[in-house]
There are 2 protein chains.
Amino acid sequence: MPDSTQLTQFPRPSVAVDTAVLCPVPGRGLHVLLTHPGDGVWQLPGSILRPQERLAEAVARCLREKARLVDRAPVQLHVFDQPDRDDRGWVISVAHLDVLSTRDVGFGDASSPETEPDPQDARRRKLAPVHSVRELSAEHQEIVRVAVHRLRSLHERTPDPFGLLPDEFSLRQLRELHEIVSGENLQADTFRRTMLPLLAPTGRALTQGRGRPAQTFTRRSELALRSDGEGDQGRET
Amino acid sequence: MPDSTQLTQFPRPSVAVDTAVLCPVPGRGLHVLLTHPGDGVWQLPGSILRPQERLAEAVARCLREKARLVDRAPVQLHVFDQPDRDDRGWVISVAHLDVLSTRDVGFGDASSPETEPDPQDARRRKLAPVHSVRELSAEHQEIVRVAVHRLRSLHERTPDPFGLLPDEFSLRQLRELHEIVSGENLQADTFRRTMLPLLAPTGRALTQGRGRPAQTFTRRSELALRSDGEGDQGRET
C-alpha cells in the first residue's frame with residue numbers, strides 16, 4: 001500500500017461541488033436556481049473544493065456566497081467524472097440536490113413568484129424553468145437533468161419528500177405540489193390511492209376557496225433530506 | 001475563472017473508490033464481500049483512481065482483480081470525505097453499492113452458501129455478516145453501514161429492487177428475500193398489501209415443497225440498478 005509520499009506523486013483530479021437548487025413554482029412549473037459570477041455565464045452555484053474543506057462545507061459556502069441561501073444541507077446527487085467535462089483540466093464534480101419553495105429562495109410575490117425582487121441581485125441569481133437551461137454548460141445541463149429525474153423518482157411514492165408543504169395539508173395541496181414536480185396532471189383517484197397509506201388524517205379540515213372544507217393530513221413517511229443516515233459520517237444513528 | 005495552470009497549484013485530494021458488495025444469504029442473513037490484498041487486512045474492494053480513469057472503470061477493475069467479479073455495474077452510494085479517514089493523506093472515497101446472490105458471487109452450495117469453495121481463493125475473498133465487520137477499518141465499516149441502510153430503504157416499498165429473484169416468483173419467495181435484507185421477520189399480510197400493487201400476476205403457479213401451488217408474479221416496478229438515468233452521462237435517456 002503506497003504511503004502518502006507515493007500517493008501525491010500520482011496525478012490527481014481537482015474535486016468540485018455543484019448544486020442544483022430546484023424550486024417548484026406554483027403555476028409556472030419546476031425551476032432551477034442559476035447564479036452569475038459577474039463575468040462569465042449563468043451556472044449552478046459551485047466551486048473547486050478548498051484544501052481540507054469538507055464537501056458539505058464547500059456546498060454551504062457556494063450557496064451562501066453565490067446564491068444568498070443559508071442553513072441549507074443539500075443531499076449528494078451523483079459524482080460526474082467525464083474526462084472532458086471541464087476545460088480547466090481533470091475535474092470531477094460531486095453534484096448536490098436541494099429543493100426549496102419560492103418563499104425559501106426569497107423570490108417574488110404571488111403574481112410573479114419566480115422573479116428576484118432586488119434588481120441588484122437579479123443580475124446575480126435567477127430561477128429558470130428546468131426544461132429551458134440551454135444557457136448552462138453541457139455539464140451543468142446534465143446535472144439539472146439528473147436532479148429532476150431524482151426529484152421525480154422521490155415524489156412518485158412518497159408524499160412531499162422534501163417537506164415543502166406545511167405540517168398539515170389537504171390532498172389537493174399535496175397533488176398540486178406533485179403535479180408541479182412531475183410536470184403533468186395526475187389522476188386524482190390514483191394519486192389518492194397511492195398516497196393515503198402514507199398519510200395520517202388530522203381530524204381537522206381546511207377551507208379552500210369556495211369549496212367545502214377539505215380534510216387535512218400529516219406525513220407518515222420520512223423526509224428524503226438527511227433521512228439516509230449519510231449526512232454526517234461522524235454522527236451516531 | 002482559474003485556468004488549468006492555476007488549478008493544479010492548489011492541493012488536491014486523492015480520489016478512491018470502494019465497493020460494498022452485499023449478498024443476502026438464505027438462512028444466514030445479509031453478508032458483505034471482503035477481499036484480502038495478501039499483505040494487510042481484510043477490506044472492501046477498492047483503489048485509488050488512476051490518471052484519467054473513470055470511477056466506473058476503477059470500480060470494475062477492483063471487482064475484477066480483487067473479487068473475481070466481472071460485468072458488474074455498481075451504483076454510486078455516497079462520497080466519504082472525512083479529513084482523517086485515510087492515514088496516507090487527503091483521500092476522498094466514492095463508495096459504491098452492488099447486490100448479488102451467492103450464486104452470482106460464485107460461493108458455496110446449499111449447505112454452506114457463504115463459503116468460498118476454492119481454498120486458494122478463500123484467503124483472498126470471503127463473505128462476512130454485515131453486523132460483524134469489526135475487522136474492517138472504521139471507514140469501511142461506515143461504508144457497510146450506509147450501504148445496508150440504503151439497501152433496506154430500497155426494499156421497503158419496492159419488490160426485489162436489484163432483481164435477485166427469477167423473473168417469476170411467489171409472494172413467499174419475495175418475502176423471504178426481503179426478510180434476509182431487513183434482518184427481521186415481516187408480517188405476511190402487511191407485506192402482501194404493500195407489494196401487490198407493484199406486482200403483476202402471471203396466471204401461473206409454482207409448486208413449493210408440500211404446500212399447495214403458489215401464484216407467481218413479475219415485477220411492475222423498475223430495478224434500482226441503472227434506473228436513475230445516471231449510469232452514463234453521455235447516454236441519451
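**View 1. Strand S1 of chain A and its parallel partner.** Strand S1 of chain A and strand S5 (residues 91–99) of chain A pair in the parallel sense over nine bridges, where strands are DSSP runs of E with at least two residues, numbered from the N terminus, and two strands pair if DSSP finds at least two bridges between them. Within this pairing, A:Val17 has A:Val94 of S5(A) as its bridge partner. The model is predicted, so that local features need pLDDT of at least 70 and side-chain atom pairs count only at pLDDT 80 or more, whereas totals for chains, interfaces and linings use all residues. Residues are numbered from 1 along each chain as its sequence is written, chains are lettered from A and ligands numbered from 1 in the order in which they are written, and side-chain values use heavy atoms, with hydrogens and water left out.

View 2. In the hairpin of S1(A) and S2(A), which has three residues between the strands, A:Gly27 takes a positive phi near 80 degrees. Strand S1 (residues 14–25) of chain A is mostly covered, twelve of its twelve residues being buried, that is, under 20% relative accessible area with a 1.4 Å probe and protein chains only. The residues that point one way from S1(A) include A:Ala16 and A:Leu22, those that point the other way include A:Val17 and A:Val21, and all are buried.

**View 3. The open sheet S7-S9-S8 in chain A.** Three strands form this open sheet with antiparallel pairing. Strand S7 (169–170) and strand S8 (199–206) of chain A stand at the edges, each with a single partner strand, so one side of each is left without a neighbour in the sheet. Five bridges join S8(A) to strand S9 (residues 214–219) of chain A, and A:Pro201 stands opposite A:Phe217 in S9(A).

**View 4. The loop at B:Arg28.** In chain B, B:Arg28 lies in the loop between strand S1 (14–25) and strand S2 (29–35). B:Arg28 is partly exposed, with a relative accessible area of 40%, partly exposed being the range between under 20% (buried) and over 50% (exposed). B:Arg28 and B:Pro129 are 101 residues apart in sequence and 8.0 Å apart in space, C-alpha to C-alpha.

Key: Helices (H or I, at least four residues) and strands (E, at least two) are DSSP runs, numbered from the N terminus.
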